Amino acid sequence: MTATTVGYREYGRPRWQRILLTREMAIVGLLLLTLLVAGLAIPYFADRLTVYNLLRDMFATLIIALPMALVMITGDIDISVGSMVGLSCSVLGLLFSMGVPFELSMVLVLLMGAAGGLLNGALVAKIGLPALAVTIGTMALFRGIAVGLLGTSTVTGFPQGWTDLTKYEIGYTGIPFIIVVFLVLFAVFVYLLNFTPFGRGIYALGLNSEAAVFSGVNRDRTRIILFVLAGTMSALGGIYWTLLRGTARGDIGDGLELQVIAAVVLGGVSVFGGIGALYGVVAGVLLIGALSSALRLVGVTAEVIKIITGVLLIGSVVAASMITSFQNRRKKVTAAPSQTSVAEPAPSGE
Amino acid sequence: MVIGSGTPMLELRGVSKRFGAVVALRDGELTLHPGSIHAVVGENGAGKSTLVKIMAGLYARDTGEFKLEGQPVEFRSTAESKAAGIAVIYQEPTLFPDLSVTENIFMGRQPVARFGMIDRAAMRAEVIELMTRLGVTIDPDRPTQGLSIADQQIIEIAKAISLDAKVLIMDEPTAALSGVEVDRLFAVARSLRDEGRALMFISHRFDEVFSLCDTITVMRDGSYVSTVATDQTSVPEIVRMMVGRDVNELFPKLEAPIGDVVLQVRGLTFPGRFADISFDVRAGEIVALAGLVGAGRSEVARAVFGVDPYTAGEVTLKGAPLPAGSPAAAMQAGIGFVPEDRRQQGLVLESGVATNITDAIRGDLVRGGVITRKAENAAAQEWALALEVKAAALDVKAGTLSGGNQQKVVLAKWLATRPALLIIDEPTRGIDVGTKSEVHRRMSELAVEGLAILMISSELPEVLGMADRVLVMREGRITAELSRAEATPETVMFAATHAAEEVSA
Amino acid sequence: MTATQTTAAPTSAASAGSRLMQLLRRRETSILVAIVAMVVVTTAVRPTFVFSGDGWRSLLLNPAIYIVLAVGVAFVIISRSVDLSVGSTMGLTAFAIGSLYIAWPQMPTVVAFVAGTLFGGLLGLVNGGLVAVAKVPGMVITLGTMYIFRGINILWAGTTRINASQMGPDFLAFGNSQVVGIPALTILAVIVAIIAGWYLHNTRSGRELYAIGSAPEAAELYGLAVSRRALMSFVVSGAMAGLAGVMFAARYGTIASNAGTGYELQAIGAAVIGGVAITGGVGTVAGAAFGAFLLATINSALPVLGIDSLWQRAVVGALILAAIILDRVLAVRQKRRLIAERMEP
């Protein structure tokens, strides 16, 4: 066994730079800072109950942000997730009230979520429609069906065994049991994105879909799978909200897509695709959650939190754009030919 | 005779341009006279495109003088050069597909009546007059979507005239044109010349150059070679000036044992792109697909690899039929594909070298269901070393490498898949001379090792130097199959510019 | 000149016939037909839908706000962007005008309308500025401002709502008045649509919006002022949303903090259904207006036809999907046909 005597340096920068000088680390840092400041300045913030509520409130956003990050890294977007949450809630309540066994109802709702995702994916990949347009349509369609099915009524009386599941705590840490579910899902998605060829293909599609196809990545299949995952996780989120609240209504999840997208973008995923990491996304969700909790404790209403989420979304996108253009300006000195020209026809020579 | 008469419209002298380590233009020189159609010829990499881009205002030149009608000029944008009267017609025009022909021509400067209201009638009348002047028939009200490239070019020319362009540069305009369309374009060009404008015509097609142009400037390896009047020269002389060096200067081709048939293509057809393509490639063989730009060679290659579909015919690899339309299936069967557009199709510029090199072999690197950066780097090390890629580290972004090194990365990516057949489209385009011979050497060695190679190239010396057999294509069909002995610049060029029946006669 | 010199355009006799065919094939015509069909069917079920004072008035009045919103949003969509914040802008403007009336009960109606439009335009300027300066997709920016403006609205309103009694009586009277049987607000909407349509069809900057939406890279290459036009389109969209807010206040008088919720969907849906392609470069104000009329009519017709109005959103969603799928299928088919035509010798 010989060490490579003549070989390439694996990395251009030392390890600490590679890990610390990233957008994701900046958000993690911001999160820790927020937790610290809030913990010190706001009474009851560092309390077990606060953590408990925070994580329970953020669960749906957490699990939906995972596939949403993948969808956005590919360069697509899905703004129908909030509506799918509502639809899942609605259908779950409906099935249950019709007497369908609860466990079966949950499975059916998950399948429905997958089907909704499949609709999105098929329209985007096979028919070639822009993801934004499709998901605007399905956002309306899913929400419309959700509201239409249940109307103004609600369903209650779900089996205690299941609703209690959302309440259990791990020992006295204040961490709800369902976080275990999230951690499992997180592990799965991290594996998918970072340790499989499929995941590499996701980054490739986001950076240069043409080259990705030329390297054998199946563009259609990848995009469809990701939309299906987004739909399924949204359905799971809807099931969760139903169990958490104990009631099923058609208007649950309104505005969730904002929260998810804001968290994903905050967490370092580029709106143009190709860049991002899951731990940053999780930090983004927790940051929004921590800010919401802190503000709520201080007496600020939910609307302000929505405003702040919107500001965070815009702020992170604008900041990312400014950073990129600043970096590009520095690089222009050594820019190779085709990068600077706009309408580059098939080159006839240099 | 036009050379030397009166004040030149445009003059370039001693112009150079480099991008980091890459010298795109070493010494550019050009003098365009009004009332002249001036051809600029040269191989790929000769510097013609860079010259055009400098004239168009896309690039700023590093050195040299640039004079327009005797006055020195400095363009910092395409808008400035347009305002000064320079118009460029590219191979693939960029128009607004949803807008009408008339709107395309006048976008941004529509004639305006009172209240700032666009005078549609006046605009339309002017377009009709332009069309009449050019002698063409295009409905001014139809959207430009779906117009042939030829018509789109005419629209670009109409735009240029309405802007009163003094200099019209046409960059390989006939590549995608049929015979009739070429005639129409030439008629237009001649009438523009007679109006006193200066035209520049870049082309690989000598018959067109000799029929249309009165002056020819030859460039080679980024430098000016010479300018001659068309009626005082001949094709062989031009070719000699273009190629300059002897074919033997290329790395001498190694004798490779020719084995069994690896790739078999029969009757491949896609209407509008290629028809009835049949050929074989054997192990150890280098088969070149030669022909002019637009002949359909890359289209055939992409169809074989599965990126593009085909409507008829079949492809067999190592005896097994290859399903159409699936690059993954092609890769699985053992085909590697180095595409023509390295930057857009061959590499992910934003990704690191290691990521790019392992882009095609991910499936093989999986251990226990998991692929790790470590495994990728190990594989990348091996192949980057094998091809002597010059990079500071494995995670350096591929976009920062020189053209030659980028090509090596693409090659490494595909060689890592250990293919049975390697398709290379323009192996040495945009690469410096030193790396060129490295690539050629590597290709020869691979052939010796038993790889079957299908090479597409527009560079005659490369075709003649590397290929065991040359298949010449023209307008979507194979017009000739020449053995190494039979292939000469003349026979290849003849087959590239004439129909199959004429060639075999 | 060696080529034959036939005139480029067909002779007028032949063109009249073919122009009629072209007119009939347009999306706008289909929408008109759909509107008529919808009204006919619904009237058959319940004649008072049209044949009654109230019915006729509602039929014409309901679309007014939607028309104004759709027209504004069309500007943005045509240039290949999207404005998701129009509903929130509308609601915030409505509440602002209401609050203004409380502070200044004698405010003239005209001032209210102008102030509202300007206010909306200002909000649009925020959107447009961010998009133009930061070069960020409009979708993301307006997703954020949608919630920001709504949040501000709710904060401002608190638990209160503005009642009709607090609004200027002349203002409300105008909002519910009619001129020769046609509601004043509808006339206003139509006038606005005509002006907007004129602008998009006949001015340089209007045409440049189409160019930018059709081929953004080509637009840059041509040297068009892309950023400035993008800014303009968002200001127009915001101003229209502001105007819609004033109209809302004038018509209903009661303004809660959730006014305008969901209206962005109606506006974008109306435009898309009316032929304004989401990919840009295509579509007319007329189409957006007709689309708005169709959607509003469907809203009113659903209960009559026995479908709970709760299903309205689902209908809009389905229509949007149908419209964009249809657009795409037609576009692909058209492209193939044009290429095939060219290939014929």
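User: How many helices and strands are there in chain B?
Analyst: Chain B has 19 helices and 20 strands, where helices (H or I, at least four residues) and strands (E, at least two) are DSSP runs numbered from the N terminus. This is a predicted model, in which local features need pLDDT of at least 70 and side-chain atom pairs count only at pLDDT 80 or more, while totals for chains, interfaces and linings use all residues. Residues are numbered from 1 along each chain as its sequence is written, and chains are lettered from A and ligands numbered from 1 in the order in which they are written.
User: Switching to interfaces, how many residues does the contact between chain B and chain A take from each?
Analyst: The contact takes 57 residues from chain B and 35 residues from chain A, two residues being in contact if their C-beta atoms, placed from the backbone, lie within 7 Å. Among the elements of chain B that give two or more residues to this side are strand E2 (22-32) and helix H14 (373-386).
User: What about chain C against chain B, how many residues there?
Analyst: In that contact, 30 residues of chain C meet 32 residues of chain B, and the largest share of the chain C side, six residues, comes from H10(C).
User: Back to chain B, what share of contacts is between residues 24 or more positions apart?
Analyst: Such pairs account for 68% of the contacts in chain B with a separation of 6 or more.
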